[in-house]
Amino acid sequence: CALPILEGKDAYNTIRPGMSYVGICRNPNCKEAFQKTVVCNKGAGQHLVNDDLVNNAITCPLCKQPILFQHISLFRCKAEVIIHSQNEEVTPFVASGDEIVKIGKKVGGEAFDHYLMSVVVKKVENDGAPNCAIC
């Protein structure tokens, strides 16, 4: 979550273009965001979701502590979600304009943390839509 924060309602819940993890800050010492919805922006590129979960890389943008992961958000990007199982599944997503696409904790009725999952994200060209959104 080392990307710079764009203007938004709060520094901890602004979704920027690309992929973001959304969850709840669990750190009682985080006075501003404790028990609130926070956004860990990852942007474009290839993201290994399970590695991020296991390595506590999904953190509150304020206190940098791991959050209670709820879902993935895609904003102003094209993405391929790849579930690496016996039958590799690739699902394309497009989030354009001011649309936010949410990918829950289940894919095909099963929790995706049981499988290796990667998300390949490419930003879309600026179509005049806002560069950030509030979660």
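These legends describe close-up views of a predicted protein model.

Residues are numbered from 1 along each chain as its sequence is written, and side-chain values use heavy atoms, leaving out hydrogens and water. Because the model is predicted, local features need pLDDT of at least 70 and side-chain atom pairs count only at pLDDT 80 or more, while totals for chains, interfaces and linings use all residues.

**View 1. Confidence along the chain.**
pLDDT is the predictor's confidence in each residue, on a scale from 0 to 100. The protein has a mean pLDDT of 83. Of its residues, 78% reach 70 or more. Residues 1-8 stay under 50. For this stretch the model has 20 contacts beyond four places in sequence. Contact here means heavy atoms within 4.5 Å.

**View 2. The largest nonpolar core.**
A nonpolar core is a set of buried Ala, Val, Leu, Ile, Met, Phe, Trp, Tyr and Cys residues joined through side-chain atoms within 4.5 Å. Buried means under 20% relative accessible area, exposed means over 50%, and partly exposed lies in between (1.4 Å probe, protein chains only). The largest core holds 26 residues. Tyr21, Cys60, Ile72, Leu74 and Val119 touch the most other members. Strands β2 (18-25), β3 (37-43), β5 (67-84), β6 (89-103) and β9 (116-123) each supply at least two residues. Which strand gives the largest share of this core? Strand β5 does, with 8 residues. Strands (E, at least two residues) and helices (H or I, at least four) are DSSP runs, numbered from the N terminus. In soluble globular proteins, nonpolar side chains tend to be buried together.

**View 3. The aromatic pair of Tyr21 and Phe69.**
Rings of Phe, Tyr and Trp (its six-membered ring) pair if their centres lie within 6.5 Å; planes under 30 degrees apart count as stacked, over 60 as edge-to-face and the rest as tilted. By this rule the count is 1 aromatic pair. The ring centres of Tyr21 and Phe69 are 5.7 Å apart and the planes meet at 80°, so the pair is edge-to-face. Tyr21 lies in β2 and Phe69 in β5, so the pair ties together parts that are 48 residues apart in sequence. Tyr21 is buried, at 0% relative accessibility. Phe69 is buried too, at 8%.

**View 4. Ser20 and His71.**
Ser20 is found in strand β2, and His71 in strand β5. Is Ser20 buried or exposed? Ser20 is buried, with a relative accessible area of 0%. His71 is buried as well, at 13%. Beyond four places in sequence, the contacts of Ser20 include His71, Ile72 and Ser73. A polar contact is a pair of N or O atoms within 3.5 Å; within protein, one must be able to donate a hydrogen and the other to accept it, and residues adjacent in sequence count only if both atoms are side-chain atoms. Another joins the side chains of His71 and Ser73, at 3.4 Å.

**View 5. Strand β9 and its partners.**
Two strands pair if DSSP finds at least two bridges between them. Strand β4 (residues 45-48) pairs with β9 in the antiparallel sense over 4 bridges. Strands β5 and β9 also run antiparallel, joined by 8 bridges. Where in β9 is the bridge partner of Gly45? The partner is Val121. Val121 is also the bridge partner of Ala79. Val119 touches residues including Gly45, Ile72 and Ala79.
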